[in-house]
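User: Please take me through this model feature by feature, giving the general idea first and then the case at hand.

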Amino acid sequence: MGITLQIVDPTRYPGWDDLILSSGKYSFFHSSAWAKVLSESYGYKPFFFTLFHHDRLLSLIPVMEVRSILTGRRGVSLPFSDDCELIIDEKKHFETILNDIIRYGRKREWKTVELRGGNEFLDGISPATWFYRHTLDLGRDIDPIFRSFKG
């Protein structure tokens, strides 16, 4: 058996968190707990687009279906997530999954698909919006952290 494409609901997928932990590229925002928070708090529906080789996760683009009176129905990877890079093993995997997201989104009548991450795979396509990421190293002694604050 080769590589398989699956759409996964991480809130219902047994062992999901162990699976993403084994990828080595995860963040909290890839977890079943975060998908559950978004699903239960906002009514978003999780569609995590994955590529597997046997039982090993190769690549993942997590998407939630968002319904809004203002923006309509759309796929968002991932809403309210500070930093959620895509888990992509190879560039061709990104293209495979993105094409599947687009096909699936058309079936579900999504107006748009929003990716938060993956810029390195979008050759020649400029992002519609830019954001800044701020990182605070909490492993240091607290005094130097407070001394480094400005204003």
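Predicted model: local features only at pLDDT ≥ 70, side-chain atom pairs only at ≥ 80, totals over all residues.

User: In which sense do E3 and E4 pair, and what stands opposite lysine 45?

Analyst: Two strands pair if DSSP finds at least two bridges between them. E3 and E4 (residues 72–77) pair in the antiparallel sense over 5 bridges, and a hairpin of 3 residues joins them. E2 and E3 are likewise antiparallel, over 9 bridges, with lysine 45 opposite glutamate 65; in their hairpin, which has 2 residues between the strands, histidine 54 takes a positive phi near 60 degrees.

User: How many residues of E3 are buried, and which members of the largest nonpolar core touch the most others?

Analyst: In soluble globular proteins, nonpolar side chains tend to be buried together. In E3, 10 of 13 residues are buried (under 20% relative accessible area; exposed is over 50%, partly exposed in between, with a 1.4 Å probe and protein chains only). A nonpolar core is a set of buried Ala, Val, Leu, Ile, Met, Phe, Trp, Tyr and Cys residues joined through side-chain atoms within 4.5 Å; in the largest, of 19 residues, Trp16, Phe48, Leu57, Leu60, Met64 and Leu78 touch the most other members. E3 gives this core its largest share, 4 residues. A second, separate core of 14 residues includes Phe49, Ile61, Ile88 and Phe94.

User: Which residues of H3 are buried, and why do they line one face?

Analyst: An α-helix has 3.6 residues a turn, so residues three or four places apart point the same way. In H3 the buried residues are His93, Phe94, Ile97, Leu98, Asp100, Ile101 and Gly105. Seen down the axis of H3, they fall within an arc of 165 degrees, so they line one face of the helix, the arc being that of the directions from the helix axis to the C-beta atoms. The face turned away from this buried side carries the exposed residues Lys92, Arg106 and Lys107. After H3 comes glutamate 109, with a positive phi near 65 degrees.

How values were computed
Residues numbered from 1 in each chain as written. Heavy atoms only, no water.
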